Amino acid sequence: MFFKHVRRNAAKYRKNNGLFFSSLVVAIVAFYTLLSLGDQDVMRFLKTIESDAVSKLMLLIPAVYMISLFFVFFLVYFTYRYQLDNRKKEFGLYLMLGMKRSTLFAMLMSETIWNSLVSILLGLPIALLLTEGISLATAKLVGLGIIGHKISFSIPAVLGTVIGFIAVQMIAMLFLSAAFSRKEPMELLRSDSPEKQVSLSGKKGWLGLVLGLFFLILAYAIGVTMLRSFDFKIVMLVLALGGSGTFLLYHGMGVFIGHKIQQKSPARSGLFTFTGRQIQENVLHQYRALAVSSLLLLMALACISFGIGVASGRGSQETRTVDFSIEGSKQEVCGVLDSEASKSMISMYYPMFLGSMNTNLYDQTGAVLESKPNAHELSWAGLSAALANLPETDLRNNMMENFSDRSGSYLISETSYNNLLQTIGKKPIQLGKSQVALYTSMKDSSDFINNLDDALKSGTYIEVDDRKYELLPNIYFDNVVADRKITLYSALIVSDEDFKNWASDSSTPFCWNVLLSQKTVNEKGLMQAILSMEQNFAGTGLEYESYIGGIGRNLFYTVAASYLTIYLGILFMVIANTVIGLKYLMQQRENKRRYLTLLMLGADVDDLCKSAGTQICLFFALVLGVAVFSSVFAIWSMFTSFLKLPVGTSLVKVIVIAGISSILFVMIECIYIHIVEHTSSREIQALRVRDRGNAF
Amino acid sequence: MNLDRVLQVESVTKVYGKGDNKTEALRGISFDVLEGEFLGIMGASGSGKTTLLNCIATMIKPSSGRILLKGSDISSFRGTQLADYRGKEIGYLFQEFELLDNLTARENIILPLSLHGVTGKQAGGELQELASRMDIVDVLNKFPSQMSGGQKQRVAAARALISKPSIVLADEPTGALDSKNSKVLLDKLYAINKEQQKTIVMVTHDANAASYCSRILFIQDGRLFHELRKNVKTETRDSFYERIVTAIAQLGGGSANVL
């Protein structure tokens with residue numbers, strides 16, 4: 001009998017609270033997705049080449065999980081409070097009919113466990129499907145191929161999800177049912193009266209509003225202008241100003257709304273005043289929940305933008321130029337590469353002539369440290385002069401200092417570089433007599449590139465042995481070797497003849513670059529193709545670096561950072577929206593009598609539903625408005641400081657992704673608003689004037 | 001004479017439940033209310049007086065019989081007509097005031113008008129007049145939580161009167177008030193009834209409140225049981241009060257014999 005009752009109550013709850021039940025299912029999916037990250041194909045692959053970084057990430061995951069559990073706790077707490085408030089009378093009756101408090105408590109806990117089990121049974125299969133999908137999609141995206149795919153059903157992840165989820169539910173319910181079962185039956189039976197209208201003194205409210213706005217503007221300004229250096233103190237200052245500003249703003253907003261109503265209501269009829277006063281009351285009573293939800297939404301927007309930024313910034317511009325860079329003599333290398341096994345997989349290979357210029361070595365003051373035979377004289381004076389014409393920044397000063405060093409610059413031969421350009425389908429460089437081009441691998445720093453670009457565009461030169469060489473107006477930055485660890489601050493692409501004359505060792509190539517054929521890559525997937533090519537090198541004693549090693553770390557950061565932040569973002573969004581929706585519905589239920597009175601005074605049911613709809617839209621808009629407005633500045637300061645998109649990132653692509661995510665965001669908000677409106681209309685339509693007797 | 005009849009209640013019955021569970025709350029009640037009358041309805045708990053008032057207020061539908069307000073059958077009203085009836089033709093005064101506590105007194109009073117498209121500005125004159133008559137000018141900008149019980153009920157009365165209804169229905173309006181505030185409210189209602197010829201139907205337990213009426217219907221077990229008329233010209237309120245108390249005593253003591 002007891003369990004039948006529990007099951008029936010639990011089913012009724014799920015039916016009446018579809019939205020919030022689905023939020024719980026989403027939470028389960030999110031939990032499993034996070035906990036099973038280590039079993040994803042990409043992560044299993046990365047473990048083989050970046051085991052340190054991966055194991056560090058795996059240590060981080062429990063922390064992230066705890067944070068998400070903490071936030072989900074609030075979601076669960078609010079959902080259950082809403083549900084229990086609805087059932088107060090029922091509990092009062094149980095107690096009056098002689099049910100023991102302990103039995104009531106046991107009943108509530110059993111219902112919670114039963115509901116948790118149902119959510120888990122629903123959520124886990126969805127989570128499994130989703131993680132398999134993500135696993136396959138990312139594997140395909142990064143070229144792992146699906147050959148190595150393993151079904152990633154992770155028992156620890158399932159256990160973690162189930163334990164975490166049930167624990168959070170039990171704790172939330174424990175708090176609530178303890179509070180409920182302490183109440184006297186009369187308190188429960190009586191329909192609770194809404195909180196008294198808080199008459200916030202005008203002055204205090206306006207002060208809060210003005211201070212809140214001031215703090216927020218200050219936070220925006222500091223965030224946008226001073227966050228570039230990522231100083232911990234400044235970050236804390238921005239967080240403190242932004243957080244307290246948001247709270248103060250919402251605290252004072254009620255007075256502002258009241259003022260607006262008093263201004264406008266004499267000229268308006270219908271439910272205008274009622275609707276306005278309802279919103280004002282909601283804001284006055286719930287300003288904390290509004291501020292928290294707004295901040296959560298802001299965090300969600302920032303997290304998702306960060307995730308998208310990292311994914312599109314690091315993933316997209318990565319042009320694959322070289323699959324292998326092999327060190328060795330021509331004989332050795334060609335011997336291996338021309339073998340039957342290798343030949344079929346390779347599209348081309350070529351020597352990469354990269355060396356340093358034979359110059360004397362100078363110290364910082366410009367005095368000679370070590371003089372060399374047949375040394376050449378290099379001068380960057382032309383470029384430095386062009387840089388000096390740019391607006392003064394720390395970066396420009398650094399660059400001028402770096403380019404004052406006349407010690408051996410790196411040189412790349414024109415033919416080698418053109419071979420590289422050819423493999424990626426770019427137009428070759430044509431250096432005229434007395435022309436050189438500037439190369440750098442620091443393409444992730446867009447300010448650096450922009451400064452160089454501006455300087456080069458103004459027409460500049462270098463001097464070698466007192467002869468001027470014009471620098472081409474374009475800057476080149478395609479990776480010259482497979483190993484990403486090698487970075488070149490600057491190098492000169494020079495004609496083969498100049499390379500021969502100037503390089504310390506011009507006869508032996510730095511390495512041999514190999515590019516796999518597109519057919520092989522298409523057949524096997526890039527990662528698998530590289531792994532099988534590596535087998536051909538095994539036992540030959542050749543030293544080589546592969547594309548995988550280079551991008552492994554890069555890929556790791558992309559996957560880890562974007563995955564985790566998007567995960568947190570979605571979780572924050574679900575929680576914030578659910579809290580707003582619940583807060584509104586709870587308030588409407590508390591004000592049931594007001595709606596009944598309005599019906600008695602001759603209000604139309606449709607008008608009441610419309611008024612509720614307006615209240616819901618405005619309630620959401622208040623939260624969303626501040627969050628979206630703040631997020632503009634958050635994202636702005638993020639993309640101008642630590643998340644600069646590297647040069648070459650397709651702006652169109654970023655805009656398209658941002659656009660799609662914005663549309664998705666708007667759609668999700670619309671769905672939430674629609675569901676809350678629907679629930680609210682259903683409750684209003686269920687009100688009958690004759691219920692009045694019961695409402696007393 | 002027909003013109004003077006504001007409300008006609010004709011053989012109204014109300015049955016709750018079905019079969020064996022049937023409860024007859026009203027068993028065929030008929031009476032008329034004349035324009036300008038202050039009618040009291042008295043009866044013991046469960047006698048059906050509140051059911052009767054709720055039928056007139058369209059809160060519940062009678063099982064049979066008709067209720068005519070100025071000649072039109074209110075049970076046939078639907079949608080806008082029903083909303084208009086509730087908002088314009090009747091003013092309702094509740095025992096628990098039922099003010100919206102997030103609206104100021106002014107906003108509460110205007111509410112029935114604004115629900116029917118009248119703005120606060122347009123209703124300004126009417127509001128001021130009512131407010132001074134009800135002695136609530138000082139509290140117009142206050143919220144219910146900042147008012148006393150008496151002030152709340154007078155605000156509620158102003159709300160019931162603002163739309164110039166044909167009839168004011170009051171359900172135990174003094175039930176939640178102390179004797180001093182009850183007297184103030186009843187004096188006001190009495191004055192409005194006298195000066196403006198406003199028709200009032202009041203359900204009450206209280207013999208003192210009933211003594212303000214010009215006629216009293218006693219209901220028992222869903223039937224009209226007795227009727228008292230005040231001789232308006234000659235009878236004082238005190239002597240009418242005596243008669244009411246006597247009637248109540250007879251109702252209580254003699255009911256077993258009557259049925």
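**Salt bridges and the A–B interface in a predicted model**

Let me start with one residue: B:Arg133 has a relative accessible area of 22% and counts as partly exposed, where buried means under 20% relative accessible area, exposed means over 50%, and partly exposed lies in between, computed with a 1.4 Å probe on the protein chains only.

Residues are numbered from 1 along each chain as its sequence is written, chains are lettered from A and ligands numbered from 1 in the order in which they are written, and side-chain values use heavy atoms, with hydrogens and water left out.

Back to B:Arg133. Which residue does B:Arg133 meet in a salt bridge? The partner is B:Glu195, at 3.0 Å from N to O, and a salt bridge here is a side-chain nitrogen of Lys or Arg within 4 Å of a carboxyl oxygen of Asp or Glu. This pair links distant parts of chain B, since B:Glu195 sits in helix α6 (residues 179-196) and B:Arg133 in helix α4, 62 residues apart. Helices (H or I, at least four residues) and strands (E, at least two) are DSSP runs numbered from the N terminus. B:Glu195, at 55% relative accessibility, counts as exposed.

Helix α4 of chain B, which spans residues 124-134, also holds B:Glu126, and B:Glu126 forms a salt bridge with B:Lys164, with the closest N and O atoms 3.1 Å apart. B:Lys164 is in the loop between α5 (149-162) and β7 (167-171) of chain B, 38 residues from B:Glu126. B:Glu126 is partly exposed at 25%, whereas B:Lys164 is exposed at 54%. Elsewhere in chain B, salt bridges link B:Glu37, B:Arg215, B:Glu227 and B:Arg229 in a network, and over all chains the search finds 18 salt bridges. As a general point, side chains of opposite charge can pair when their charged atoms come close.

Now to chain A, where A:Arg589 and A:Glu683 form a salt bridge with their closest N and O atoms 2.3 Å apart. A:Arg589 belongs to helix α21 and A:Glu683 to helix α24 (residues 651-686), and the two are 94 residues apart, which again links distant parts of the chain. A:Arg589 is partly exposed, at 30% relative accessibility, while A:Glu683 is buried, at 19%.

Helix α21 of chain A, residues 547-590, also contains A:Gln588. Is A:Gln588 buried or exposed? A:Gln588 is buried, because its relative accessible area is 3%. Leaving out residues up to four places away in sequence, A:Gln588 touches A:Tyr595, A:Ala612, A:Ser680, A:Glu683 and A:Ile684, where contact means heavy atoms within 4.5 Å. With one of these, A:Ser680, the side chain of A:Gln588 makes a polar contact of 3.0 Å. A polar contact is a pair of N or O atoms within 3.5 Å; within protein, one must be able to donate a hydrogen and the other to accept it, and residues adjacent in sequence count only if both atoms are side-chain atoms.

Let me turn to the interface between the chains. How many residues of chain A are in contact with chain B? There are 30 residues of chain A in contact with 30 residues of chain B, and the area buried between the chains is about 2700 Å², 61% of it from carbon and sulfur atoms; buried area is the accessible area (1.4 Å probe) that two parts lose on being put together, summed over both. The rule finds two salt bridges across this interface, and A:Arg593 forms a salt bridge with B:Glu98, with the closest N and O atoms 2.5 Å apart. Five residue pairs, both members at pLDDT 80 or more, are in polar contact across the interface. On the chain A side, the elements that give two or more residues are α11 (272-316) and α22 (592-600), and α22 gives the largest share, six residues.

Finally, a word of care about confidence. Chain A averages a pLDDT of 81, with 90% of the residues scoring at least 70, pLDDT being the predictor's confidence in each residue, from 0 to 100. Over residues 691-696 of chain A, however, pLDDT stays under 50. Where pLDDT is low, the predicted coordinates should not be read in detail.
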